[in-house]
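Subject: Structure handover and side-chain contacts

Hello,

Here is the structure for your files. Notes on its side-chain contacts follow below.

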Amino acid sequence: MELQHFSHQHPLLFIQEQRSIASEEEKARCSGCDELVEGPSYRCSSECKFYLHKSCAELELTPEFSHPFHPQHLLTFLPKSPYRGRYRCNFCRRGFWGFDYHCASCKFDLDINCALLESSPAENFPISLHNHPLIFLKNHNDQLKNDCVGCEKPLSGPIYVCLICSDFYLHKECGELPLEINHPYDRKHPLTLLPKPPIHPEKCCCHLCKIKWKGFVYCCSLCNFELTLEDVDAPRTITAVSHEHPWTLLPRQMSFICDFCGTDGDRTPYVCASCGLLVHKNCISLPSKIMITRHHHPISHSHSLQQNQLENWVCRICHNEVNTRYGSYHCSTSECNYIAHVNCATDTQIWDGTIFLEDKDKDEESLLESIEEKSIGEERVATVIKHAYHDHNLILSSSGDIKEDNNCDGCMGPISTPFYSCDNCNFFLHKNCAELPRKRRHPFHKHLLTLISLEVFSRCDACIRRCQGFRYKCLEGCYFEIDIQCSLLSDTLKHPSHEHPLFLVPNYRGKCSGCLHERYGSLAYRCTKRCDFTLDVRCVKLPLTAWYKYDRHPLTLTYFGDSYPLQLYCDLCEKERHPNHWFYYCADCDNSLHSNCAVGDFPLIKLGSKFRRRRHPHPLTVVKNIWNCPRCEKCGELCNGQTLECKEPECNLSFHLRCIW
């Protein structure tokens, strides 16, 4: 069955069921709603990668109409984005490739999913909660991924939306709360619903300015008393499987230290009279055992520990002391001594929120099959293997000459023995890289990571470098991936540039002590003794030695120098060096190089790789220039080291990778 759809130039063929494609990057998406194609659909009869769900193809779409999300102008239907590439929907704020309702005057766009939402004006909404007109959506079809400003929980069901503000979304139930209530916590006065902090001077010390605002609060300004929406409906008793006795609400606003997490509380706690414990309401539901990627064993919650149970009382995540009179997570495996604050272990960047189950601990799946083996001492070693990410058998080499430009196709590092190689093609794998597990936990990310192999280039989310070859990627929808060299880093390490150990920080903001670059929410390593010393992952990974073509000695990574100002130049690019930046130096020959000049801008990309860029019509090859370096066609400077080269006779051009990327 064929269909000639107005949104595409070729006839479309009907398919009853779209076959699943193994590669996540190649899965077909509907050109209308931009969702993955599943179930009955249409595809282009030609070679276009054009698909439409059957339901999207049968939509009766108006060429122009007035929409309540943009009442000032008519919106015009467009079968694809009027911009170069994807556009951003002005309602849900997400990037989109599909059908578009567009206002050319205002550059206003609605994706087809948002344009078809049923909405109506919200009449008689209390102006004290919000002073702009709102619209009411009976069902937003999961188009909005925001939280409600009232209760700070994810949006669901009927909601109110402000089209003027970009961040005001409210559950119907939260928008219809009574503006005043009587509550047993304050028997003298009614409590008034307040949506946000008052606009007072910056250093105001009134009670309202001291409140830790989390959504709407009910407040009595006379008694300096407030309740969150969660506090208002707090149950009198709670029973939890993690504790043998029921928890009873203590209806008093009081300061206390929670026995389960060890942090302060400033409002109504829950009490277990039998055990003499005071806890936050949220801490009652803490799981008794969890698995985090920072540790290879499950860790268990305890509301106190004896002094002889562990040898080291320092939290292994933040490296501050743990007060064992209160709750913590610790490893019960003998001689493990792992302990963490409750709030550190359950941080959303550390723990994925799943409770540990014993039967989920499965053996790691191997990616290699042993074809031939031999005994070396008491160990059986695979001399010929078949790896899941290569078509041919690989043969083990434990000695012999190695070409200088041979790189491991797994980690992209220089090849060294022992390694596996292919007799049919230029493919090499370190033995350690060949034995990497398919799935592994890593402290850089809270979800399980899966080993993938792609020839296309991507960016490592740890060191922020372009990479190729094997990578560990999150398949939970996070799009997080790291190269193999980064995957070998742990959550603590000792670096020769600093006297104390360093520990992993997941969301660092500040300067790196090696390159002095500002980092905004990056992975980094800080000093465990709280010295003013931090390294980003890129500087941690720098090799301790590097080679320079005019020097017969290896250059050593140097962390400080006492050179005269006239000597602060790189001998490769001949540009000035910053006196406080790390650099590579040979004391015998007095040669010094920028760290990027020594290791290259893209050390994780294999020489000989080919790829295309829109800015050039021919495939470009990654080469390494040592002598007679050409000039970059874009910036005009010499292309030392890694370079992109067009080998077509009519071109014969060279580019820095950084100039064309």
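In what follows, a residue is buried under 20% relative accessible area, exposed over 50% and partly exposed in between, with a 1.4 Å probe and protein chains only. The areas themselves come from the Shrake-Rupley method with a 1.4 Å probe, and for residues only the protein chains shown count as cover. The model is predicted, so local features need pLDDT of at least 70 and side-chain atom pairs count only at pLDDT 80 or more, while totals for chains, interfaces and linings use all residues. Residues are numbered from 1 along each chain as its sequence is written, and side-chain values use heavy atoms, with hydrogens and water left out.

Aromatic contacts

Rings of Phe, Tyr and Trp (for Trp, the six-membered ring) are paired if their centres lie within 6.5 Å; planes under 30 degrees apart are stacked, over 60 edge-to-face, and the rest tilted. The search of the whole structure returned 15 aromatic pairs. One of them joins F14 and Y42: the ring centres are 5.4 Å apart and the planes stand at 65 degrees, so the pair is edge-to-face. F14 belongs to strand β2 (residues 12-15) and Y42 to strand β3 (residues 41-44), so this contact ties together parts that are 28 residues apart in sequence. Helices (H or I, at least four residues) and strands (E, at least two) are DSSP runs, numbered from the N terminus. F14 is partly exposed, at a relative accessible area of 25%, whereas Y42 is buried at 6%. Elsewhere, F6, F65, F77, F99 and Y101 are linked into a cluster by ring pairs.

Charges over rings

The criterion here is NZ of Lys or CZ of Arg within 6 Å of the ring centre and within 35 degrees of the ring normal. The charged end of R577 sits over the ring of F583, 4.1 Å from its centre. Likewise, R440 has its charged end over the ring of Y472, 5.6 Å from the centre.

Salt bridges

Side chains of opposite charge can pair when their charged atoms come close. With a salt bridge taken as a side-chain nitrogen of Lys or Arg within 4 Å of a carboxyl oxygen of Asp or Glu, the structure holds 12. Among them is K54 with E58, whose closest N and O atoms are 2.8 Å apart. E58 is partly exposed at 47%, and K54 is partly exposed at 29%. In another, K145 and D142 have their closest N and O atoms 2.8 Å apart; K145 is exposed at 54%, and D142 is partly exposed at 46%.

Where do E481 and R471 lie? They form a salt bridge with closest N and O atoms 3.7 Å apart. E481 lies in strand β37 (residues 481-483) and R471 in strand β36 (residues 466-474), so the bridge ties together parts that are 10 residues apart in sequence. Both residues, E481 and R471, are buried.

Cysteines

How many disulfides does the structure hold? There are 0, a disulfide being a pair of cysteine sulfur atoms within 2.5 Å. For C106, the closest cysteine sulfur is that of C103 at 3.8 Å, too far for a bond. C106 is partly exposed, at 36%. For C165, the closest is in C162 at 3.7 Å, again too far for a bond.

Surface

Y550, I626 and W627 make a nonpolar surface patch of about 350 Å². Patches are made of residues with over 30% relative accessible area and no salt bridge; like charges are joined within 9 Å, and nonpolar side chains (Val, Leu, Ile, Met, Phe, Trp, Tyr) within 5 Å. W627 is in the loop between β47 (620-625) and β48 (641-646).

Regards
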